[in-house]
Amino acid sequence: MSEPGRSRRDAAHLVVHPGHGIHGRVEEVEALVAALDPDGSRRLVVHGPLGVGTSTLVAAAAERLRDAYDASVTLAVRGGPGLRRGLASHLGVLEPYDVDRLWAAVGERRLLLVVDPPDGSGPHALLAERQLVHDADRLVATCPGLAVVIIGRRPASWPGAQQVAVRAFDPPRAGEDPDALRRHPAVALLLDRVALVDAHLEPTDDVVRDAAEVCRGVGGLPLALELAAARAGGIGIPGVAGLLRGGSSRVSLLSMRRTEPRGVRTALELSYATLSPDGQELLRDASTLRGPFDLDAACAVSDLPLPRLVDALDTLVDLHLASYVTGDDAALSAAPAAPAAVASGGAPPAHRARFALDPVAAELAAELLDQTGEGGAVLDRHGAHHAALARRAALVAADAQEPEALALLEPVSADLSAALTWLRAGPDHAAALRLAVDLALLSRTVGERGNLRGVLDELLGELANQPVDEGLLADAEIWSGTLALEGADALERVDDALPHMLAGIDRARHTTDRLRLLRGLDAVARTAPLHRNTILTHRCVAEGLEVATHLHHERWIARFEAHRAALLGQGGDAGGAARLGLSALRRGRASGDRQSVVDAGILLHTLPPGIGLLGGRGASGLTDPEVPTLPELLDVATEAGDAAPRSIILGQLASRALTDGDLVGAARLTRTRLELVWRLSVWTTVAYSYLLASRLAAAQGDLVSAARFHGIATPVLPVLLAGLAPGKGAAYQRSVATLREQLGADVFDRQALEGSLLDESAAHAEVLAYVSAVAAREPASPAGSDASTPGAARGEVPLSADEVGLLTALGSGRPLSEVAAASGVGLATLTDDAAALYARLGLHGRAEAAAVAVRSGLA
């Protein structure tokens with residue numbers, strides 16, 4: 001191993017001091033050296049109990065192999081992402097940390113990768129271990145020069161890996177001759193370590209006998225011997241032996257403190273001991289659930305029959321090992337939906353009761369589950385249940401019922417992520433792909449995409465030569481391309497993403513599920529501003545409209561009419577766009593499809609004036625109530641649970657506020673938009689907020705910040721301008737030219753360049769801080785506000801603290817279900833409270849309440 005390849009942490013791990021360190025363990029080191037031969041399997045698991053010295057032995061073996069490998073890297077990580085991230089950091093690879101990029105960085109080099117994860121137990125540790133093994137195996141299979149060693153307290157399940165068990169020293173026998181004791185490896189190690197802290201140590205026969213007694217007292221564990229040597233530096237070896245003879249426990253001796261009862265943990269251990277076997281089993285199994293759970297989830301992870309499970313859950317609540325989150329005692333008697341009904345999209349269960357384990361009880365139960373060795377089977381059931389739940393929610397969302405899907409998934413988002421991780425690292429890659437596709441379909445509703453694109457691409461590669469359902473592959477390819485066009489590197493990925501989407505659409509044409517085809521065609525139309533293939537977009541919209549019409553599917557007809565109207569508007573046919581947009585709006589309202597209502601409404605607000613839509617003038621004879629206002633559209637989009645149109649509407653409201661000179665209102669809307677789109681991780685949408693911030697800074701006369709924020713958005717500026725309404729892109733470019741002239745070309749270019757070089761997090765933090773500072777100012781009262789602002793905005797109606805909190809929440813733009821969950825009340829209760837607040841303030845709905853909140857500085 002070459003020195004430049006080592007970090008300081010590596011060097012500290014690999015130092016083996018001459019003369020001490022591996023007494024009596026040369027054979028174990030030699031076995032590890034042989035197992036790590038670069039021409040061997042290159043897969044090794046070294047395991048042993050805490051304190052047995054696994055890390056020390058592996059470090060010694062790595063030192064012996066310094067000429068066989070170019071470098072050695074030691075990573076203290078847990079889970080597959082940590083493994084890839086740590087290796088990428090060593091190699092200087094930037095995100096994404098996918099295997100192909102790591103393979104290219106490793107090249108022809110020979111690397112020894114030692115993974116020494118933090119100690120852990122329970123199902124969460126088992127989940128991380130499974131993911132770690134999965135990613136390690138892929139790296140070894142892909143990189144011929146890479147060898148991986150996983151260190152742990154138990155044997156990791158890694159097919160094809162050599163397992164090496166490390167055991168403690170056999171303690172010396174009582175009554176042995178002092179000379180024989182001096183040669184015993186445990187005694188030799190203890191004496192050697194004491195000599196490092198006590199220069200006056202004289203290993204007389206009596207001292208050697210005391211040392212042997214210490215070795216027996218600590219069970220021959222090398223780490224325990226190290227700690228005993230440190231203690232002996234103060235009281236000597238005879239003193240340590242005396243403490244052991246006096247009844248001191250090994251723990252209290254080595255920790256140098258008295259052991260105290262563990263408070264809550266001790267009480268919970270006593271409570272666990274009083275549970276029936278059913279109660280103990282349920283507590284252990286439920287520890288795999290990441291958050292509040294219902295009876296469906298409890299039945300899924302446990303093998304207990306329902307009546308016994310209900311009794312056991314009731315006992316857990318009585319003993320305060322679990323608590324009700326919602327619901328009451330009556331809910332315990334409600335039978336959960338059958339798993340088959342859940343998987344097929346059957347009726348939702350009648351009960352809504354949810355429960356949560358006490359955090360300390362969950363930790364104890366996880367450790368106990370780990371000891372039983374049943375964690376893998378429980379996690380299999382956990383993954384199957386949440387995959388079925390995601391399948392059901394995806395079927396609901398696919399039928400344009402996003403809020404209902406959101407209600408199903410909001411409480412279990414952490415469990416869904418864990419289920420995907422478990423399935424992805426297991427043998428059934430098709431099940432993992434199904435769950436990943438469902439989560440991608442639901443990502444617009446849930447608002448969490450994570451690394452779904454990478455997961456989809458990886459699983460598609462692994463299933464390339466296996467028999468898999470064509471419909472599943474079609475969905476996966478469509479979503480892989482769609483998510484690729486929503487990342488920060490969208491422009492670079494267009495050439496790869498679009499063929500993925502088209503291949504998925506072609507597969508969908510050969511299946512019987514026409515809705516799958518419609519989703520694929522819709523994806524191409526929605527990403528048109530990114531791929532900018534107008535001819536392809538026209539073809540997909542025409543085909544989608546034809547298929548939806550043939551199916552008499554009013555919701556999908558409305559959606560493709562909205563796409564068609566947008567294309568007409570981009571082509572300059574404002575009248576045709578208005579007529580078709582109105583048709584989509586009416587059809588969407590009639591069919592209950594909020595998405596098409598929002599899409600058509602946004603389009604109608606972007607059309608130029610004078611076409612007879614927005615002012616009640618013109619041949620169409622339309623009046624304002626027929627076209628929702630932007631606040632009303634924001635209300636619809638919020639209730640639909642789709643963050644993407646909400647961000648568009650917030651951007652339009654902020655732009656109008658800037659035009660009207662309301663800088664504080666524009667800043668508040670921009671801040672809300674920026675916080676919303678940052679969670680979506682759609683870089684082009686985030687960057688549009690930076691353009692709004694640039695306009696805001698210019699309106700305040702802060703030209704330097706305006707240039708800097710413009711520079712932050714520069715990498716995706718062509719895509720942003722292409723997605724703007726006709727004429728808006730040219731207008732923005734004219735404003736930038738004016739700004740550059742006012743500030744001076746040199747200063748403008750320098751500030752824009754500095755902004756473009758900021759990483760995503762730094763850019764987001766800088767812009768958010770700026771708009772938040774402007775939003776915190778007192779808004780100027782516009783002329784005539786007394787005549788148009790409800791009484792609460794002028795301070796005429798006194799509100800209680802609860803009413804102020806509710807008004808703030810209503811103005812935040814979050815779905816009512818999310819507000820209800822955060823407030824700890826039911827959705828029906830919150831709806832009643834909101835209606836009472838509307839009546840008290842003389843408002844006509846949430847849109848007006850949001851306007852009051854913004855004007856009052858609450859949102």
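Which residues are linked with R434 in a network of salt bridges? In this predicted model, the network joins R434, D438, D475, D513, R516 and R519. The legends below take up this network and several other close-up views.

**Figure 1. Salt-bridge network around R434, D438, D475, D513, R516 and R519.** The view shows the side chains of these residues, which are linked by salt bridges. The structure holds 25 salt bridges. Side chains of opposite charge can pair when their charged atoms come close.

**Figure 2. Salt bridge between E477 and R507.** The side chains of E477 and R507 meet with an N to O distance of 3.0 Å. E477 belongs to helix α23 (residues 470-484) and R507 to helix α24 (residues 490-509), so the pair ties together parts that are 30 residues apart in sequence. E477 is buried, with a relative accessible area of 11%. R507, at 24% relative accessibility, is partly exposed.

**Figure 3. Salt bridge between R43 and D137.** The N to O distance between the two side chains is 2.8 Å. Because R43 lies in strand β1 (residues 43-47) and D137 in helix α6 (residues 122-142), the pair ties together parts that are 94 residues apart in sequence. R43 has a relative accessible area of 17% and is buried. D137 is partly exposed, with a value of 27%.

**Figure 4. Salt bridge between R66 and E63.** The closest N and O atoms of this pair are 2.9 Å apart. R66 counts as partly exposed at 29% relative accessibility. E63 counts as partly exposed at 22%.

**Figure 5. Open sheet of 5 strands with the order β2-β3-β4-β1-β5.** The pairing in this sheet is parallel. The edges are formed by β2 (71-75) and β5 (162-165), each of which has a single partner strand, so one side of each is left without a neighbour in the sheet. Neighbouring strands are turned by 20° against each other on average, direction ignored. Strands of a sheet pair through backbone hydrogen bonds, either parallel or antiparallel.

**Figure 6. Strands β1 and β4 within the sheet, with helix α3 packed on it.** β1 runs parallel to strand β4 (residues 146-152), and 5 bridges join the two. Among the residues in this pairing, V46 has I151 of β4 as its bridge partner. Helix α3 (residues 54-64) packs on the sheet and touches β1, β2, β3 (111-115) and β4. The direction of helix α3 makes about 160° with that of β4.

**Figure 7. Aromatic pair W556 and F560, with R559 over the ring of W556.** The structure holds 3 aromatic pairs. In the pair shown here, the ring centres of W556 and F560 are 5.9 Å apart and the planes stand at 35°, so the pair is tilted. Both residues belong to helix α28 (residues 554-570); being 4 residues apart, W556 and F560 are separated by about one helical turn. W556 is buried, with a relative accessible area of 4%, and F560 is buried at 0% relative accessibility. The charged end of R559 sits over the ring of W556, at 4.9 Å from the ring centre.

**Figure 8. Aromatic pair F709 and Y770.** The ring centres of F709 and Y770 are 5.1 Å apart and the planes are at 75°, so the pair is edge-to-face. F709 lies in helix α35 (residues 703-713), whereas Y770 lies in helix α39 (residues 760-775), so the contact ties together parts that are 61 residues apart in sequence. F709 is buried, with a relative accessible area of 1%. Y770, with a relative accessible area of 16%, is buried because the cut-off for this class is under 20%.

**Figure 9. Positive phi at H552.** H552 is not a glycine, yet its phi is positive, at about 55°. Most residues other than glycine have a negative phi. H552 is found in the loop between α27 (534-551) and α28. H552 is exposed, with a relative accessible area of 66%.

Terms used
Residues are numbered from 1 along each chain as its sequence is written. This is a predicted model: local features need pLDDT of at least 70, side-chain atom pairs count only at pLDDT 80 or more; totals for chains, interfaces and linings use all residues. Side-chain values use heavy atoms; hydrogens and water are left out. Rings of Phe, Tyr and Trp (its six-membered ring) pair if their centres lie within 6.5 Å; planes under 30 degrees apart count as stacked, over 60 as edge-to-face and the rest as tilted. Buried means under 20% relative accessible area, exposed over 50%, partly exposed in between (1.4 Å probe, protein chains only). A charge sits over a ring if NZ of Lys or CZ of Arg is within 6 Å of the ring centre and within 35 degrees of the ring normal. A salt bridge is a side-chain nitrogen of Lys or Arg within 4 Å of a carboxyl oxygen of Asp or Glu. Two strands pair if DSSP finds at least two bridges between them. Axes are lines fitted to C-alpha atoms, for helices over the stretch in contact, and angles run from 0 to 180 degrees between N-to-C directions. Contact means heavy atoms within 4.5 Å.
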